[in-house]
Amino acid sequence: MSSVEISVEDHIAIVVLNRPEAMNAVDPEMRGLLHAAWDRLRQDDEIRVAIVTGAGDRAFCTGSDLKKTLPSGESAAQQLLGGGAGSGSLIANLNTDKPLIAAINGYALGGGMELALACDIRICTDDAQFALPEVKVGSMPGAGGSVRLPRYVGRSDAMLMLLTGARTDAAEALRMGLVSKVVARDRLLAEAREIALAIAANAPLSVRAVKRMVRQGEDMPLSHAIDVERSLFGLLYNSDDRIEGRKAFAEKRKPRFKGR
């Protein structure tokens, strides 16, 4: 059985990290499979939104498998600029305009939390635990954790997690805005799928434009971001889907979007 499983239905991809015996820790083989999964999400036009979750009852992902990812002996240049299939972080090529939902079932630690942070929407079980514990083992986050976390939650909350390496529970994650919803374990995938279905029902190009605008707009001055937003609005203005949306509204029916 593969350590990464991906299925597609109703324009929704479900990516399952499947090493429950190792709390879904990422070994080199799994890292390569995740990179392939991210490539498919980006390239497959049938996929409009993706859910990422972990197999089993204990963990979403606990980051790199430290038993199998000891220092490689590569130079700093090789680590930064190398291009092997198993190189880089588990989210090295996770760059897509398609929305990503993290359905966090249990522990999200280290690189696992960084994977969750790379997603657009995060929901979790009521027993979830979050941590970036790299400082406890002489390292630091290397896949965006120390960059994304302070942008998504309050600086003091972020620094508390980053500098202590301590775990944060689901209730505290909800309070600080790290997750959008906390649900019972037996409702997690159903809740994630409901969100995904609502997104997949919308015009695909509009959804992707909104995600791109939010991501890029974070780094722009407000006036520049508004100009770019207006440009994207203009690109969509005469699209087939926008015309279909207006017709469907007038005819009081559900629109049939095709991503054109």
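**Helices H3 and H4**

I began with H3 (residues 111–118) and H4 (residues 145–152) in this predicted model. I found that their axes come within 10 Å and cross at roughly 50 degrees. Angles of 65 to 115 degrees would count as roughly perpendicular and those under 35 as roughly parallel, so I logged H3 and H4 as oblique to each other. I also noted the hand of the crossing of H3 and H4, which is left-handed.

Which residues meet there? From H3 I listed Met113, Glu114, Leu117 and Ala118, and from H4 I listed Gly145, Arg148, Leu149 and Tyr152. I sorted the residues of this contact by class and got five nonpolar, one polar and two charged.

**The sheet**

Next I traced an open sheet of six strands with mixed pairing. I wrote its order down as E1-E2-E3-E5-E7-E10. Which strands sit at the edges? They are E1 (4–9) and E10 (181–183), each pairing on one side only.

I then looked at E1 and its partner E2 (residues 12–17), which pair in the antiparallel sense over six bridges. A handy landmark for my viewer is Ile6, which stands opposite Val15 in E2. A reminder to myself: strands of a sheet pair through backbone hydrogen bonds.

Terms used. Residues numbered from 1 in each chain as written. Predicted model: local features only at pLDDT ≥ 70, side-chain atom pairs only at ≥ 80, totals over all residues. Heavy atoms only, no water. Pairing = 2+ DSSP bridges. Helix = DSSP H or I, 4+ residues; strand = E, 2+ residues; numbered from the N terminus. Axes fitted to C-alpha atoms, helices over the stretch in contact; angles between N-to-C directions. Parallel < 35°, antiparallel > 145°, perpendicular 65-115°, else oblique. Left-handed = near helix turned anticlockwise from the far one by under 90°. Contact = heavy atoms within 4.5 Å. Nonpolar A, V, L, I, M, F, W, Y, C, P; charged D, E, K, R; others polar.
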